[in-house]
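Please look over the model below before reading the points. The notes cover a hairpin, the cores and a metal site.

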Amino acid sequence: MALRNILRESEPALRKRSRAVTDFNPRLHQLIDDMRETLLKAGGIGLAAPQVGVLRAVALILDVEREAESDDGRIVELINPEIVAESGEQSGPEGCLSVPSLYGIVKRPDTVKVRANDRSGGAFEFTGKNLTARAICHELDHLKGILFTDLVERFLTDEELEEMSRERERERGGGSKAEAEG
Ligand code: NI
């Protein structure tokens, strides 16, 4: 496995549509393994292939509510994902590993059901709620070239950011994440 460089907002690749994966080959597995390592190192709750410069429909999300010994055990690999059902509404802070230190309030569905392939090409469905639903929407947007900054209702002020980082400090060690950064 190897760390990959996370592209920043101004990179054209982040504005392009990713293509479907058709070959579930070792090259794909290498990409996914590298993305896993990159996501864990960055401490986000999701990462999409365009963020590492690969325009393929691959997204990883952390199922933050899943019982696991480490975040590695919470990663869900979504290849060719498609939202098939959504319900409810949530409004909350969101950030992006490609847009560092900028957070804004984004409205998302509360529950999202997604259909995807696993790394071997098998089909499965996965349902995420709350922060996990937010992560799914955020990463699937990346596959369409959409950034959260396109959807933001308002950006957080410096005071709100400070308060958020204080909360994060308090919660550190508890394994909880105060906001979505993907
Ligand atoms: Ni992002």
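Which residue takes a positive phi in the hairpin of E6 and E7?

1. In that hairpin, which has five residues between its strands, Gly 121 takes a positive phi near 100 degrees. The model is predicted, with pLDDT of at least 70 required for local features and 80 or more for side-chain atom pairs, while totals for chains, interfaces and linings use all residues. Residues are numbered from 1 along each chain as its sequence is written, and side-chain values use heavy atoms, leaving out hydrogens and water.

2. Strands E6 (residues 111–117) and E7 (residues 123–129) run antiparallel and are joined by seven bridges. Strands (E, at least two residues) and helices (H or I, at least four) are DSSP runs numbered from the N terminus; two strands pair if DSSP finds at least two bridges between them. Asn 117 has Ala 123 in E7 as its bridge partner.

3. Gly 121 is located in the loop between E6 and E7. Gly 121 counts as partly exposed because its relative accessibility is 27%; buried means under 20% relative accessible area, exposed over 50%, and partly exposed in between (1.4 Å probe, protein chains only). From Gly 121 to Gly 43 there are 78 residues in sequence and 27 Å in space, C-alpha to C-alpha.

4. The largest nonpolar core has 30 residues, and those with the most contacts inside it include Met 35, Leu 47 and Ile 136. Such a core is a set of buried Ala, Val, Leu, Ile, Met, Phe, Trp, Tyr and Cys residues joined through side-chain atoms within 4.5 Å. At least two of its residues come from each of helix H1 (26–42), strand E2 (58–62), strand E3 (75–87), E6 and helix H2 (130–142). H2 supplies the largest share, six residues.

5. Beyond its neighbours within four places in sequence, Leu 47 is in contact (heavy atoms within 4.5 Å) with residues including Ile 6, Met 35, Val 58, Leu 97 and Glu 139. Another core, of five residues, lies apart from the largest one and includes Cys 96 and Phe 148.

6. Cys 96 (SG), His 138 (NE2), His 142 (NE2) and Gly 182 (O) coordinate the nickel ion at 1.8 to 2.2 Å. Donors are N, O and S atoms within 2.8 Å of the metal (3.2 Å for Na, K and Ca); water is not among the atoms, so sites may look incomplete. The arrangement is tetrahedral because the four donor atoms subtend angles of 100 to 120 degrees, the criterion being that all angles lie between 85 and 135 degrees.

7. Along the chain, the nickel donors follow the spacing C-x41-H-x3-H-x39-G. Cys 96 in strand E4 (residues 90–96) and His 142 in helix H2 are 46 residues apart, a pair that links distant parts of the chain. Both Cys 96 and His 142 are buried.

Technical notes: Tetrahedral: all angles 85-135°; square planar, octahedral: opposite > 155°, others 65-115°.
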